Each structure stands twice: as structure tokens, then as C-alpha cells.
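Reader: Hello! Could you take me on a close look at the inside of this protein, and show me how its nonpolar core is put together?

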Amino acid sequence: MAPRVRIEPATEADVGLILEFIKELAEYERDPDAVEATEELLRKNLFGAQRYAEVVIAYVDDDGGRSEAAGFALFFHNFSTWKGRPGLYLEDLFVRGQHRGLGIGRRLLVQLAHIARERECGRMEWVVLDWNAPAIQFYLGLGARQMKEWIINRVDGRALAALAEGGR
């Protein structure tokens, strides 16, 4: 019998698991040393007074009553001035290797689409690494459209500090 998959909102008790997922994702994306997140930072920013993002976790339940965390999605709201509505931005989606092929990634995205509709979001957006052909095909198969005319800009580290001080 196929395992059952359930999606649950993360709680503060899941902070350690969320950090594990983040580190596993960084390994998959070939940049394990880039992770600066700690349990303390995640607890503060996901479950503190100011909640900057939310997480849902996918679990695989077997017939023997065992449950295993299989994947997660971390998301937050942005805003579309043109639509005059919030959007749902998917920051990270990850399914552990042993659970791929069970439809868990699709189930996580379906859950986020439900949340977006409930919250009257005008759209869902995310980025994907250009070398990740399986993910690109997966997203296109779900009806996603690649926005190649938009270029992501980022300011971080020293450049962010310099900008905060008035620019270069």
C-alpha cells in the first residue's frame, strides 16, 4: 500500500527539523557553506513577535503508524502594486531524496496554492536554479511560466551595510 502524505503547518517545536531541511537543501544546491541560519534565528523570525515567513511540512505516514518528515516549503507574502493584492512567495521547497517521486513536491505546492487563494493572493512566485532541469520541468508541468525578462537583484553583506550607510 502506498504511504499516506499529510501536510502540516510548522510549529516552534519544528525549528530543529526546519534547520535540517535548510541544510539538506543547501547540500542539494551545491552550497552547503552558505547556511548562516541557526535554530535561534529561525525561532525568532518564524515564531517570534514579528513572523517573517511560514513553513509547511510534509510527512509520510505508513500503515504501521510511523511518520517521517519528508519535505518542507517556506514561504512569505510580498505585494503586487499592479494587482493591488498580496502575493505568496515560495522561498524554498525541498523533498528528501528517499521521498522523491511520491508526489510530495506537488502536494506542497497545491497546499501553498490553497493558502494563496484563501488569503486572496494575486499570484504565487518562486525562483529555480538554471541548472536544476528536473525542477524546471516539474514547475512547467504544473503550469508555471518562466519570467525570463525579469532579473533578480540582490544586495547583501558589505554591499547591504554600505547601502544602509547612504551608498557606496
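Author: Happy to! Accessible areas here come from the Shrake-Rupley method with a 1.4 Å probe. On that basis, this predicted model has an accessible surface of about 11600 Å², and carbon and sulfur atoms hold 50% of that surface. Turning inward, 32% of the 168 residues are buried.

The chain forms 5 helices and 5 strands, in the order β-α-α-β-β-β-α-β-α-α. With a radius of gyration of 17 Å, close to the 15 Å that the globule rule gives for 168 residues, the protein is as compact as a globular protein of that length.

In soluble globular proteins, nonpolar side chains tend to be buried together. Here the largest nonpolar core has 21 residues, and the members that touch the most others are Val56, Ala73, Leu88, Leu93, Ile104, Leu108 and Leu112. At least two core residues come from each of β1 (4–9), β2 (54–61), β3 (67–80), β4 (85–95), α3 (104–118) and α4 (133–141). The biggest contributor is α3, with 6 residues.

Beyond its neighbours within four places in sequence, Leu108 contacts Ile7, Val56, Ala58, Gly71, Phe72, Ala73, Leu93, Phe94 and Val95. One of these, Phe94, belongs to a second, separate core of 19 residues, which also includes Val15, Leu17 and Tyr59.

Asn132 sits in the loop between β5 (124–125) and α4. Asn132 counts as buried because its relative accessibility is 8%, under the 20% cut-off. Its side chain makes a polar contact of 3.4 Å with the side chain of Tyr28.

Notes:
Residues numbered from 1 in each chain as written. Predicted model: local features only at pLDDT ≥ 70, side-chain atom pairs only at ≥ 80, totals over all residues. Heavy atoms only, no water. Core = buried A, V, L, I, M, F, W, Y, C linked by side-chain atoms within 4.5 Å. Buried < 20%, exposed > 50% of the residue type's maximum accessible area, 1.4 Å probe, protein only. Helix = DSSP H or I, 4+ residues; strand = E, 2+ residues; numbered from the N terminus. Contact = heavy atoms within 4.5 Å. Polar contact = N/O pair within 3.5 Å; in protein donor to acceptor, adjacent residues only side chain to side chain. Rg over C-alpha atoms; globule rule 2.2 N^0.38 Å.
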